Amino acid sequence: MDAKKYIREWAGRYRADFVDNIMPFWMEHGLDRVNGGVYTCLDRDGSLMDSTKSVWFQGRFGYIAAAAYNRIEKRQEWLDASRSCIDFIEAHCIDPSDGHMYFEVMADGTPLRKRRYVFSESFAALAMAEYSIATGDKAWANRALEIYRHIRYMLDTPGFLTPKYEPVMQGRGHSITMILINTGSRIREALGEDAPAELTDSITEAISQIERYFMHPEFKALLETVGPDGEFIDTLAGRVINPGHCIETSWFIMEEARRRSDKKMLDLALTILDWSWEWGWDKMYGGIINFRDCRDLPAQDYSQDMKFWWPQTETIIASLYAYLLTGNNDYLYMHKQISDWTYAHFPDKEYPEWYGYLHRDGTVAQPAKGNIFKGPFHIPRMMIHSFCLCNDILEMLDDSEK
C-alpha cells in the first residue's frame, strides 16, 4: 500500500463528506431557527419526526459546529450554530433547583425529562470550550470549567445522583470515567495558560482508574461495570464488553499520551485498542459489533449483534491515531478494514447523511437519520478528527523521507 496516496485520498474524502454532505443536512433540517438549538429526530430525508430535543445533542452539535470552524473552515454560519445551541442550553436546559441539566426538553425548552447521568453537562462544557477556542472569549472557557466542577460535585456527593443499582450492588461505570478525559482536555486547551492543575490531575486520575479498575487482563478486556475496587462482577451486566466504547477510550488516552509524549500511556491506549478490536471486529460479516460477554457467553442486550454507526467511527479515529503515533502498518490495515466496511454500509446512497442502525450482516435495520441518541456528533467528529489526523500523518511521512 502506498501510505501517502492512501492517506491523502482519505483526507480529501473526510473533508468533502463533512462539508458537502453531513453538515449541510443538519444545518438545513436540524437547526431550529425559531427557538434556537438543534433537532435530531429526523427521518431519512431530513423531515422532522419529533420536535423533542435531546439536551446532550445541544452540547454535541454546539461542539461540532465550533470544531468545524476551528479545524475545517471559518464559516460564520457554523459559529452561529454553535452559539445557538449554547444559548439554548443556558436558557432552557438547566434545572434551577440543583443545577443538574435535563436530558430531554420540548422544542421551546420546556423540561420533559431528567436522568441520573451527567452527560448533558459534559457535552455542554465541551461545546463552550470549543466555542471559546473559536472566538477567543475566555468567559466561555471559564463557564465550561464551572460546569466541569459541578459535574465533579454531583459525582462526588453521595445521594445527589440516583445510583443505577441499590447499595447491595455497588460498582463503577466506565462511561463517565472516560468522558471526563475528553471534556477536561478541551477545557484545558481553551483556558491555555490559565488552566488550573485540577484539569490535568482529573485526566490523570481518570486514566489511572481505567487501567486500575476496568482493564481485566484475564479476559484481555476493558469492562463496562466493575466493583468499587475493580472487582469482576460475574453477572450478565458485569461481563459486558462494549468494544466501540473501549476503542473511543483508547483514542482519548492516545490524544493525552501524544500531548505528554508519554510512552507508557500510549502503550496502555494501544493495549485497549488491540484487545477491543479482537473482541469487536466481526470476522464473519465485518464491522464492530455492539456487545460481547467477556466469558464469550451470549450477551444480554437485545442489540448485542447489531452494528451501530458510532463504534465504527470511533475505530476509524483510533486506528489513525495509532498509526500516527507508532508508524505500525498493522494500524493502517485496521483503518482500511474498518473504513472499507463502514463506507460500504452506512452512507445513504439516495439521501444525505448516514444510517445509524444496521443488522449484523450490514443490512439497514431502520432508515432514520436521527433520534434522541443519534445526531450530528460521532460521524462529523470522525470526519473532523480524521481529516486533521491524516494531515498530521502526511507530515510525519514527509519528515521520515528527509
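Mentor: First the term: a cavity is a set of grid points where a 1.4 Å probe fits but cannot get out. Keep in mind that this is a predicted model.

Trainee: Fine. How many cavities of 30 Å³ or more does the structure hold?
Mentor: One. About 60 Å³ of space lies in the largest cavity.

Trainee: Which residues line the largest cavity?
Mentor: Trp56, then Met101, Tyr102 and Phe103, then Arg115, and finally Tyr117, Val118, Phe119, Ser120 and Glu121.

Trainee: And which helix gives the most to that lining?
Mentor: Helix α4, residues 119-135, with three residues.

Trainee: What's the lining like by class?
Mentor: Seven residues are nonpolar, one is polar and two are charged.

Trainee: What about Cys246?
Mentor: Cys246 is in no disulfide either. The sulfur nearest to that of Cys246 belongs to Cys294, 11 Å away.

Trainee: Is Cys85 buried or exposed?
Mentor: Cys85 counts as buried, because its relative accessibility is 0%.

Trainee: And Cys246, buried or exposed?
Mentor: Buried, with a relative accessible area of 0%. The cut-off for buried is under 20%.

Methods. Residues numbered from 1 in each chain as written. Predicted model: local features only at pLDDT ≥ 70, side-chain atom pairs only at ≥ 80, totals over all residues. Heavy atoms only, no water. 1 Å grid on protein atoms, 1.4 Å probe; cavity = no way out; pocket = protein on both sides within 12 Å on 5 of 7 lines; lining within 4 Å. Points joined across faces, edges and corners; volume = space filled by probe spheres on them. Helix = DSSP H or I, 4+ residues; strand = E, 2+ residues; numbered from the N terminus. Nonpolar A, V, L, I, M, F, W, Y, C, P; charged D, E, K, R; others polar. Buried < 20%, exposed > 50% of the residue type's maximum accessible area, 1.4 Å probe, protein only. Disulfide = S-S within 2.5 Å.
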